[in-house]
Amino acid sequence: MNTGSDFFNIDSLLTEDELMVRDTMRSFVDREVLPVIEEANRENRFPMDLPKKMAELGVFGPTLPGEYGGGDANYVIYGLMMQELERGDSGIRSFASVQTSLVMYPIFRYGTEEQKRRWLPALASAESIGCFGLTEPDHGSDPGGMVTRAVRDGDSFVLNGAKMWITNGTIADVAVVWAKLDGEVRGFLVEKGTPGFTAPEMKGKHSLRASVTSELVFQDCRIPAENILPGAKGLKAPLSCLTQARYGISWGAIGAATACYETALDYAKTRTQFDRPIASFQLVQQKLTFMETEITKARLLSLHLGRLQDQQKATFYHVSMAKRNNVDIALQIARMARDVLGANGILDEYPVMRHMNNLESVRTYEGTHDIHTLIIGQAITGIAAYT
Amino acid sequence: MNIFVCVSHVPDTTTKVQVGEDGKSIDPSGVTWILNPYDEYAVEAALQLKEAREGEVTVVCFGPDAVKETIRKGLAMGADKGLHIKSDQPRDSFGTAKALAETLKDREADVIFCGRQSIDYDGWQMAGLLGEMLDLPSVTVASKLEIKEDGSIEAEREIEGGMETVVSKLPAVISAQKGLNDPRYPKLQGIMQAKRKPIEDVEPSPYKNRVEVLEMSKPPVKSAGKIVGEGPDAVKELVKLLHEEAKVI
C-alpha cells in the first residue's frame, strides 16, 4: 500500500476508523483505479465498472443514515474518501461528488419519504446513477438567471429548457433538475427515458476525459407532479447542494496535488543530470518544498472544515475558502510537477498532466475561483461585489 | 460453525524498516502497521465459510495494545468478535503458538485459519505448531480449499515445482496462501460497526523465549556495477575479472 506523505503528522488528528477508511480507499485506488485510468482518459471514457465497486465500499452517501443505504459516517470520512478518489482521478471523484452531494443529498434533504425510499438505496448501491442540472449555457455563475421553466398541467409538470456541463448526464437514471415554477426555483426528479428529455454527451474535452459531461435538453418534457422535491424552494436549495459538493472537492484537490507531488518527488530523486539527482538542485528543492507545505496547509484547512461541518458550524464561505485555496494550490502543484518532470511530464506514463488538465476544470466548476474570491470578500466586508 | 482466524500486526510492506537502538529489534517510529497480507486471505476464507454455513468468526491476535487496530480491521471486514491475547513481551514462534493454543484449546474451534507466514519475522511455523499443540491436523499453504458439509477438507497446496492435493477432516488448522481467494475491502458500514463489536482480552501464561534474537542488521548495500567496456572486445576483460576479482568462474 502507498502510505503517502504525512510530513506534519496530521494523521494523529484522525481517529482509527477515519484512518481505516482512508487506507481502504487508498488501496482501492491503487488496485482498481490507477491500473485503468490512463487508458480510460486516453479513450475519453468513464470506467463504468467502477461505480458498483465504489458502492461496495460505501462511497455514495456515506454521511446519510443506514436506513437509506448510507454509512452513518461523519464528514471527515466523506472528505477522506474524496481525497483518495481524486488521487486517482478528478473525474472519478466527480462521479462520487455528484452521486452523493448533488443527487442523494437533495433527495434526502428536500424529498418526500417515498422519493427517499425509492432512490436513496438504489443510488447508494449504484444500481441507479444520478446527475444534477443547474448550470445552463448562458447561466453559470448566476444560476438565478436560469431560463428553464416548469409549468403545472393537471397531474404533471411540463419542463422546457436546457442544462449544460452536467456530469454523468448521459449515463444517469435520474436527474435532479432545477427550473423556475411561477418565478421560483424548484427541484424536480426527471427519469431517464421520459419523453421530451434527452442528454447528449459533450465531446472534445481536454479535461476530465474519464468522466461523462452532458447537456440536458427538455422539450415539453412531462413528469408526474409527485416528482417535485417539496422541500426545495428558492435558489438556496441548489446552492446548499453545491456547498456539500464543494466541501468534498476541497478534499479531492488534496488527492490530485498529492499524486503530482509524489510523482515529482520520486522523479527528482531518481532523475540525474550533471551527474547528480535533480532533487539536489536548489530550484527543484524549492518546488518540492512549496508542494509539501501547501499540501500540508490544505490538509489542515479541509480537516478543520470537516470538524466544523460535523459540529454544524461550517458555513458556505468556509467551504468557499477551502475549495478556492485547495484547488488553486493543487493546480499550481500540478504545473510545477510538470516542470520538474521536464519533457516526461507531458506523457501519460506519469499522471501529472492528466491531473493538471483535470484541475483546470475543477478550478472553474462548482463556483469559479473568482466567484469564491467574491463570496469570501462579501463575508469579510459585508458587501457583495457580484450583483 | 465456530471459526477462528489468527492474525498478525505487521509493518506495512512499503515501510522502510530501521533497526532500533538496541540493535536487535525494529525501530517502531514512522512504521505504518497493517493486517498481515497472508492473514487477509485467512480472514476472507473464514468469512466465506461463515457465509456458506451458519457460524461465527473470531479474530485472534497476540501482542501489545496496538494490535487491537489489526483485530478491528478483521472485524471491519466482517468478523464477529475479537480475542486479544495481551502481552508487551515479544515472543518467538513457539511462544506465540503456545499463547494461541492455550487460549483456543477449550473454545471448541471447528476450524482455525492463519496466514502461511507473517511478513515481519517470516517464521512459517504457526499452523504446524498450533496443529501439534492442539492435536489437530494442519493443512499448510493452501491455495485452494473446499470444506464439505460432512467436515471433510480437500485442499491444494503449492509444492516445489507442482501442486499437491490433500484431504483431512475438521476440526483442523489451515494456513492460507496467496490465491486462495480475493480478500474483500472493509466496507464503510463494516468499519463503523467494528467499533461496537466485542474484543475479549485474555492474559497468556508466562513464557520464556526459547530462541533469542542476538542482532538485527540490514542487508549490505549493493555497490555500483562496473562497466568494463563495450562490444566483443570487452569479453576478454570481463572473463578475466570474473575469474580473478569476483572469483565466480
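Between chain B and chain A, 3 salt bridges are counted, a salt bridge being a side-chain nitrogen of Lys or Arg within 4 Å of a carboxyl oxygen of Asp or Glu. One of the salt bridges joins the side chains of A:Glu56 and B:Lys187, at 3.9 Å from N to O. The model is a predicted one, in which local features need pLDDT of at least 70 and side-chain atom pairs count only at pLDDT 80 or more, while totals for chains, interfaces and linings use all residues. Residues are numbered from 1 along each chain as its sequence is written, chains are lettered from A and ligands numbered from 1 in the order in which they are written, and side-chain values use heavy atoms, with hydrogens and water left out.

On the side of chain B that touches chain A, the elements giving two or more residues are α2 (68-77) and α5 (188-194) of chain B; helices (H or I, at least four residues) and strands (E, at least two) are DSSP runs, numbered from the N terminus. By class, this side of chain B has 6 nonpolar, 4 polar and 6 charged residues, where Ala, Val, Leu, Ile, Met, Phe, Trp, Tyr, Cys and Pro count as nonpolar, Asp, Glu, Lys and Arg as charged, and the others, Gly among them, as polar.

In terms of area, chain B and chain A bury about 1,700 Å² between them, with 59% of it on carbon and sulfur atoms; buried area is the accessible area (1.4 Å probe) that two parts lose on being put together, summed over both. In chain B, the residues that lose the most area to chain A are B:Tyr185, B:Leu188 and B:Ile191, together 41% of what that side buries. The contact (heavy atoms within 4.5 Å) takes 22 residues from chain A and 16 residues from chain B.

One residue to look up in the viewer is B:Lys73, which sits in helix α2 of chain B. Leaving aside neighbours within four places in sequence, B:Lys73 is in contact with A:Met20, B:Leu35, B:Glu40 and B:Pro186.

Over all chains, a search of the whole structure finds 16 aromatic pairs. Rings of Phe, Tyr and Trp (its six-membered ring) pair if their centres lie within 6.5 Å, and planes under 30 degrees apart count as stacked, over 60 as edge-to-face and the rest as tilted. A:Phe28 and B:Tyr185 form an edge-to-face pair, 5.6 Å centre to centre with 75° between the planes. This pair crosses between chains, from helix α1 of chain A to the loop between β10 (172-176) and α5 of chain B.

Within chain A, the domain assignment gives domain 1 (10-124), domain 2 (130-233) and domain 3 (237-381), with bounds from an automatic or database domain assignment. Domain 1 of chain A places 29 residues in contact with 25 residues of domain 2 of chain A. The area buried between these two domains is about 2,100 Å², of which carbon and sulfur atoms give 63%. A:Asn44, A:Tyr110 and A:Trp119 supply 28% of the area that domain 1 of chain A buries against domain 2 of chain A, more than any other three residues.
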